[in-house]
Amino acid sequence: MDRPQNTLQKFETGIAGLDRATRGGLPKGQATLVLGQPAAGKTVLCLQILARAVEQGERGVFVTFEESPEQVRRDAASFDWGAGLLDSERWQLIDARPHPGAEAAGEFDMGGLLSAVTPAADGDAGWVIFDGIDQLLQLQPNPHAAIEQIRRINDHCETHGQAVLITGKARGDGPAPAWLEGIEFLLSSSLLLSARVVQQKLNRSLRITKYRGSDHVADEMPMLIDGEGIQLPYHEAPPIGQPAAGSERLTTGIPRLDSLLDGGIHRGSSLLISGRPGTAKSTLAGTFAETRAREGGRVLYISFDELESAYVRNLTSVGIDLATPIARGVVHFQDFSAYASSVTEQFLALRRLIDGFAPDCLIIDPVSALLKASATEGAHLATEQLTDLARRRGITTVLTALSGVEDPEGEATLGHVSTLADTWIVVGYNERGGERNRSLSIVKSRGSAHSNQQRELILSDSGLDLADVYASGSEVLMGTARAMKEREDQERERQRQLERERRRLDLEQRILQAEKEQQRLEAERDHLDRTSGETDRLEHDYHEEIRRRRDPDHDPEPFKEGQHADGGKQH
């Protein structure tokens with residue numbers, strides 16, 4: 001459905017970041033002021049917009065008031081889109097430079113130029129660019145007349161439905177070129193391009209200083225110019241949609257670390273490993289890279305510290321093989337120099353690597369190197385943008401970061417990264433008794449039950465491992481202290497076992513003696529029983545014999561067991 005006539009219409013510029021920042025492009029039927037310092041990129045911006053429009057089948061006119069047509073063509077030819085623009089017949093380059101040494105004799109107008117521009121732009125629609133118009137209008141004897149010429153251009157583009165770009169040189173911090181003060185109130189939209197040196201490095205930026213009737217990004221946006229032209233790396237549209245958060249976990253390559261993390265880290269999440277130099281941050285990252293490659297993943301490994309050959313060699317010494325997956329093409333290793341380029345340039349290069357290689361795992365070692373890059377005012381922004389880009393694409397991200405002695409967790413310099421990371425592991429040194437041992441602890445792990453105990457990190461020929469917790473009271477022991485304590489505890493346990501065995505043997509001996517005593521007593525009892533019965537029988541017989549002698553008629557009684565000689569019973 002067509003928009004109502006009173007609704008703001010826009011033309012896309014073809015520059016992804018600018019179109020997103022302007023919510024769809026620059027206004028149709030209105031003039032836009034492009035103001036900038038020398039080398040800020042005004043002409044490049046206009047040529048690039050024109051080239052993208054020509055690619056889409058539109059027409060355009062480029063009117064130069066400062067550079068020669070040959071120079072404009074050379075400018076365009078230095079970019080990837082330049083050949084397509086120069087070969088196209090859908091645009092016209094008009095040389096409107098004032099004659100050298102020309103002086104104005106009274107006021108003049110641009111009616112004739114506009115009459116030439118209209119048919120060149122094929123009547124209606126298209127882009128019209130007036131590059132360096134302040135070079136011409138400064139010849140107007142009256143500033144108000146110069147402003148009136150801009151008004152006339154604006155009215156002309158509104159009549160013909162064209163999008164017009166007017167470039168001019170910035171005058172200090174002012175919003176308009178010299179001799180054109182007040183133009184900023186006349187035009188409904190304006191862009192300010194700046195170029196300043198920070199730490200001996202040229203930094204360009206773009207800011208939409210005005211866009212009447214449209215939502216837009218008002219902040220200053222870092223800008224680059226490379227072989228593809230103008231780039232606004234932080235404002236390109238993110239991928240459509242967002243991967244749903246799943247419950248799948250990826251192993252870190254260290255089983256005991258996986259158990260501390262309740263099974264590993266979630267796919268598509270971010271892991272930050274921070275620590276002092278030499279605490280095995282890169283080795284942990286390399287272990288994860290090798291494991292992901294072995295399980296069929298694609299790993300993009302960005303190193304700011306070491307070259308590929310040295311890094312692969314060093315990992316081999318601890319049993320980690322990255323050479324094989326690199327040769328197979330499932331691991332892409334890319335080294336960068338932290339000092340060679342600005343943070344924005346590094347971010348753009350990283351984003352292009354991600355686009356080209358399409359990894360499912362991204363490792364940046366160390367991300368804190370961005371803080372060392374030239375013009376580091378955007379380091380935190382670049383880190384946040386990288387983390388967000390990876391998360392939106394479902395890429396599992398591992399970041400290492402260097403921390404200092406006084407700030408072992410890196411909270412002072414890495415607050416932005418640690419806040420964004422889903423899991424944060426700190427590796428450090430446990431120093432005791434003149435010995436330094438590596439330690440590992442988990443600061444946080446979103447969505448996971450995890451251990452809060454510090455573990456000893458052990459490097460060996462077969463790779464990395466974590467030692468089981470060995471506590472002495474409230475202290476976790478490591479290294480030699482751990483070994484000595486283990487020996488002490490083992491000896492103490494051995495003595496306890498010996499004491500238990502001695503007591504067991506003593507009790508067994510006493511039981512044996514008690515059994516022998518019981519047997520003796522039982523034998524004595526049985527003997528007593530036997531001898532007592534025999535005595536009773538003899539006494540019985542004796543008494544019966546006496547009775548018989550006294551009484552020949554006495555009938556003898558038979559002897560009964562347990563009966564006394566006097567005829568009673570034993571009790």
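Predicted model: local features only at pLDDT ≥ 70, side-chain atom pairs only at ≥ 80, totals over all residues.
User: Is the aromatic pair of Y301 and Y311 stacked, tilted or edge-to-face?
Analyst: The centres of Y301 and Y311 are 4.9 Å apart, with 50 degrees between the planes. Planes under 30 degrees apart count as stacked and those over 60 as edge-to-face, with the rest tilted. The pair of Y301 and Y311 is therefore tilted.

User: How many residues apart in sequence are the parts that the pair of Y301 and Y311 ties together?
Analyst: Y301 belongs to strand β15, residues 299–303, while Y311 belongs to helix α11, residues 308–316. The pair therefore ties together parts whose separation in sequence is ten residues.

User: Is Y311 buried or exposed?
Analyst: Buried means under 20% relative accessible area. For Y311 the relative accessible area is 2%, so Y311 counts as buried.

User: In which strand is F333, the partner of Y311 in a tilted pair?
Analyst: The ring centres of Y311 and F333 are 5.4 Å apart and the planes meet at 35 degrees, so this pair is tilted. It links distant parts of the chain, 22 residues apart. Y311 is in helix α11, and F333 is in strand β16.

User: The charged end of which residue sits over the ring of F357?
Analyst: This contact involves a charged end and a ring. The charged end is 4.0 Å from the centre of the F357 ring, and it belongs to R298.

Key:
Residues numbered from 1 in each chain as written. Heavy atoms only, no water. Phe/Tyr/Trp six-rings, centres within 6.5 Å; stacked < 30°, edge-to-face > 60°. Helix = DSSP H or I, 4+ residues; strand = E, 2+ residues; numbered from the N terminus. Buried < 20%, exposed > 50% of the residue type's maximum accessible area, 1.4 Å probe, protein only. Lys NZ or Arg CZ within 6 Å of the ring centre and 35° of its normal.
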